[in-house]
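The sequence and the structure are shown first.

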Amino acid sequence: MAKLLNVDNPNNTSKNDTLNLEFVDEHALAIPTFKMLDDNGELYKDAQASSMDKETAIRIYETMRFIRVFDERMLAAQRQGRVSFYMQCLGEEAAVTGSAAALEDKDMIFAQYREQAALAYRGFTLEQFMHQNFSNEKDFGKGRQMPIHYGSKGLNYSTISSPLGTQIPQAAGYAYGQKLKGDKACTICYFGEGAASEGDFHAGLNMAAVHSAPTLFFARNNGYAISTPASEQFKGDGIAVRAVGYGMKALRVDGVDVLAVYEAVKKAREFAVENNAPVLIESIAYRLAAHSSSDDPTGYREKEEEETFRANCPIERFRRYMLKQGWLDEAEDEAAKEKIKADVLSALKVAEKVAKPALEEIVTDVYEDVPLHLQKQYEQLKQHILKYPEAYPATASRIEETK
Amino acid sequence: MAKMNMLQAINSALAIAMEENENACVFGEDVGAFGGVFRATSGLQEKFGKDRVFNTPLVEQGILGFANGLAAQGTLAIPEIQFADYIFPAFDQIVNETAKFRFRSGNEFNVGNLVIRTPYGGGIHGGLYHSQSPEAYFAHTPGLKLVFPRNAYQAKGLLAASLESNDPVIFFEPKRLYRASVGDVPEGKYTIPLGKAEIVQQGTDITLLAWGAQVEMLEKAAEMASKDGISCEIIDLRTVAPWDVETVSQSVIKTGRLVVSQEAPLTGGFASEIAATIQDECFLHLESPIERVCGLDTPYPLAHEKEYMADHLKVYEAIKRSINY
């Protein structure tokens, strides 16, 4: 017969009796926000010393600089009708890049959709980004998903899925597998403060805690879920406070401060991997961009509000730090920005001319092998397209080539 | 009469229902001050206040669970699921709760006051997760009414009827036509009965059947076929569950041929259910096998959207196959 491990405490609660009937206050826990760098790019007096070396700092800065320019150009390309959709990381570059930099390459990344900077930090190339956005035949995802749905097995970056929060319990499961295998690695899972309302958030955090999975739950609290402000999303103290309810450690960090994000995630990673335990990290920043190219924030927030936060730029703050450290040359920085713009433009011109994926990719990967009924549907489709080639220009000419 | 697009027609039906029912509530992700990502609920919060028109946290299972409770209490609950592709976290609440509330309680309780609005369908470069037509999952669940408008006029009348219905309704809005479908729509209230198909065009040689945005594909295909001298009868099913077998079978008895078209994948789709029922009802009148023109049995792709869709050309080919059988 199975033995109850803890007969004193079958409810698994703290034993702390009281004769005073008093509410626990809903604000009993107020989580502090960890900071290091002020807006002038100087460490706060009494701030923790930074462990970020020059090489890492340069790589982080270059990634943020690249993503800022890339996002601008791609949004412009969307406005010109060259790509169908786009999402910017604007305002959250430090949170995403700093967190990715604190990981090891073997650590897995489950992102939401606004974390292109983490993928860039890992080494995803400009061309690879571009092919995905143009859903052409060189896109790893074979042109099946909307722009910004990146993924790379080689870089340990799970392919983006549009449904919100579904990656949260998946990250717990992935991390559990890493633990069983003895990888000494962890999984980071990004999501927004809006997605943290999904049932999958509860499922994922509770399971990671119960099953001791080394998972870093990285909540990007950026103030908005499309139009819905955080004040209409939850009543509690942000997202970090919820960790306590799951018996999990938590950190809250200034998401505009890349040094602070880096230190926080480094500490969390070390704890998670050493102790096989999840950690919830909440980054506080502001979604400066629209939710996506389909969204127009003028319908729900004031320009003045945006301008206030625009002044609090994560890249500018870090740039000042880099200059003060002597790790960045202003002239070289400007030249690099111009070069990125030119590179992005030429990569864009190349990617938009690359052919769409071959028609047969419409039936592959549904299963490992293409079953008979799909082979039949493919043949019928092919014959149909050959009959009306002008109606299906992206694929018709290529079928004729191989006919 | 006023010129309205489908969004304005839906907005008008909602506003009228909220005026008539002083407790009716509209809620969902971004539906409050912003008026929804498609702006279908635009201006409603201003008119009816934050207690009755509100943003919810981003949790579809919560929205539908909350809606079930609110409807059971007697309030007209009108939740929005932002995209039909995102209805699945609420699947349990809809399939096991909404659909069974009346039956399991012996009619002690019901959620007949519930109308779930959700944009569905493809043709907007939405890829896997902004294109799906998930009606078959729900058609397989007894207890739900599934309603599909094809244009602005139909949208207002069918939504008004859904809001009056004493059974829970999922109102699937063809987002491809939200702004594209513009027509004369009465400013006042009118209803179009649920459970009743409409013969959109009379014809003698073949019956074409679809619902929602897909009716437009039938119309284009019928126009092509008419140049070949083929007379098509076009039927808009309008309510997928429970569906109007009578109107469809009467038409097929007359024409002897049927093409059913849906956006969703072929296998297990509602077109298959229709084909099975009609061969049963009309077996001796059929001149050729019932044709189903559907999406492929794959997830909805982005780059190959055009190829994937059950477009008018595929419907036209099916018409010819049926006629020349």
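## A salt bridge within chain B

K145(B) and D167(B) form a salt bridge, their closest N and O atoms being 3.4 Å apart. A salt bridge is here a side-chain nitrogen of Lys or Arg within 4 Å of a carboxyl oxygen of Asp or Glu. The pair links distant parts of the chain, 22 residues apart: K145(B) lies in strand β6 (residues 145–147), and D167(B) lies in the loop between α7 (152–164) and β7 of chain B. Helices (H or I, at least four residues) and strands (E, at least two) are DSSP runs, numbered from the N terminus. D167(B) is partly exposed, at 28% relative accessibility. Buried means under 20% relative accessible area, exposed over 50%, and partly exposed in between (1.4 Å probe, protein chains only).

This is a predicted model, in which local features need pLDDT of at least 70 and side-chain atom pairs count only at pLDDT 80 or more, while totals for chains, interfaces and linings use all residues. Residues are numbered from 1 along each chain as its sequence is written, chains are lettered from A and ligands numbered from 1 in the order in which they are written, and side-chain values use heavy atoms, with hydrogens and water left out.

## Salt bridges in chain A

Over all chains, the count of salt bridges comes to 53. In chain A, E306(A) and R310(A) meet through their side chains at 3.6 Å, N to O. The two residues are separated by about one helical turn, because they are 4 residues apart in helix α9 (residues 303–310). E306(A) is buried, at 5% relative accessibility, whereas R310(A) is partly exposed, at 35%.

A further salt bridge joins E334(A) and K337(A), with the closest N and O atoms 3.4 Å apart. Both residues lie in helix α11 of chain A, 3 residues apart, about one turn of the helix. E334(A) is partly exposed at 39% relative accessibility, and K337(A) is partly exposed at 24%.

Is D333(A) buried or exposed? D333(A) is buried, its relative accessible area being 0%. Its side chain makes a polar contact of 2.7 Å with the side chain of R65(A). A polar contact is a pair of N or O atoms within 3.5 Å; within protein, one must be able to donate a hydrogen and the other to accept it, and residues adjacent in sequence count only if both atoms are side-chain atoms. Not counting residues up to four places away in sequence, D333(A) touches Y61(A), R65(A), R319(A) and L328(A). Contact means heavy atoms within 4.5 Å.

Helix α4 (residues 126–133) of chain A is largely enclosed by the rest of the structure, because 6 of its 8 residues are buried. These buried residues, among them L126(A), F129(A) and M130(A), pack against α1 (54–79), α3 (116–122) and α11 of chain A. After α4(A) comes S135(A), whose phi is positive, near 40 degrees.

## K175(B) and its surroundings

K175(B) lies in the loop between β7 (169–174) and β8 (182–185) of chain B. K175(B) is buried, at 6% relative accessibility. A polar atom of its side chain lies 2.7 Å from the backbone oxygen of G121(B). K175(B) and Y120(B) are 55 residues apart along the chain, yet their C-alpha atoms are separated by 6.0 Å. Beyond four places in sequence, the residues in contact with K175(B) include F38(B), D85(B) and H130(B).

## Where the two chains meet

How many residues of chain B are in contact with chain A? There are 38 residues of chain B in contact with 47 residues of chain A. The area buried between the two chains is about 3,300 Å², of which carbon and sulfur atoms give 61%. Buried area is the accessible area (1.4 Å probe) that two parts lose on being put together, summed over both. L58(B), H304(B) and E307(B) supply 20% of the area that chain B buries against chain A, more than any other three residues.

Across this interface there is 1 salt bridge. E317(B) forms a salt bridge with K387(A), with the closest N and O atoms 3.0 Å apart. Helix α12(B) gives the most to the side of chain B that touches chain A, with 5 residues.
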